[in-house]
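Please read this briefing alongside the sequence and the model.

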Amino acid sequence: MTADEKLRIETRVVEMLRTVFDPEIPVDIYSLGLIYNIDVTDGGDVNVDMTLTAPNCPAADFIVEDARLKLESIEGVENVNINIVFEPEWTKDMMSEEAKLELGFL
């Protein structure tokens, strides 16, 4: 896979992650700062390190499955691996300015 193809897939991954929402928060998981890392391998595998707003998030399974299904639909993606991590711990400072504005933190 060329560097251009990997960049195209990574761009689509970000676009798709912007359509995944925690059902309790009206902001997408990418803008919330829950995505820590996106890696596209030469073989078309997508590895995503993400966190949750809280370790006991009741919507965790829904969010991860929604993200996985959307990422698997991207042309050129072979496999999707979503790793839930809690280091570093998520804080409101990780949100985009738009997310902070939407949630009333600005």
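Which residues are buried in H1? They are Ile9, Val13, Val14, Met16 and Leu17, where buried means under 20% relative accessible area, exposed over 50% and partly exposed in between, computed with a 1.4 Å probe on protein chains only. This is a predicted model, in which local features need pLDDT of at least 70 and side-chain atom pairs count only at pLDDT 80 or more, while totals for chains, interfaces and linings use all residues. Residues are numbered from 1 along each chain as its sequence is written, and side-chain values use heavy atoms, with hydrogens and water left out.

**Helix H1**
- H1 has 15 residues and reaches 21 Å from its first C-alpha to its last, close to the 21 Å expected at 1.5 Å a residue; the expected span is 1.5 Å times one less than the number of residues, and helices (H or I, at least four residues) and strands (E, at least two) are DSSP runs numbered from the N terminus.
- The buried residues of H1 are Ile9, Val13, Val14, Met16 and Leu17. They cover an arc of only 165° around the axis, which puts them on the same side of H1; the arc is that of the directions from the helix axis to the C-beta atoms.
- The face of H1 turned away from this buried side carries the exposed residues Asp4 and Leu7, whereas the cover over the buried residues includes E1, E2 and H2.

**Helix H2**
- The 13 residues of H2 (residues 60-72) should span 18 Å at 1.5 Å a residue, and the end C-alpha atoms are 18 Å apart, which agrees.
- Ala60, Ile63, Val64, Asp66, Ala67 and Leu71 are the buried residues of H2. They cover an arc of only 160° around the axis, which puts them on the same side of H2.
- Asp61 and Leu69 are exposed on the other side of H2, while the buried residues pack against helix H1 (3-17), strand E2 (45-50) and strand E3 (79-84).

**Asp22**
- Asp22, found in the loop between H1 and strand E1 (35-40), is buried yet has no salt bridge, and the nearest side chain of opposite charge, Lys70, is 13 Å away. A salt bridge is a side-chain nitrogen of Lys or Arg within 4 Å of a carboxyl oxygen of Asp or Glu.
- The side chain of Asp22 reaches the backbone nitrogen of Glu24 at 2.8 Å.

**Lys100**
- Lys100 lies in helix H3 (residues 97-102) and is buried, with a relative accessible area of 13%.

Key
Contact means heavy atoms within 4.5 Å. Lys and Arg count as positive and Asp and Glu as negative; His and the chain ends are not counted. A polar contact is a pair of N or O atoms within 3.5 Å; within protein, one must be able to donate a hydrogen and the other to accept it, and residues adjacent in sequence count only if both atoms are side-chain atoms.
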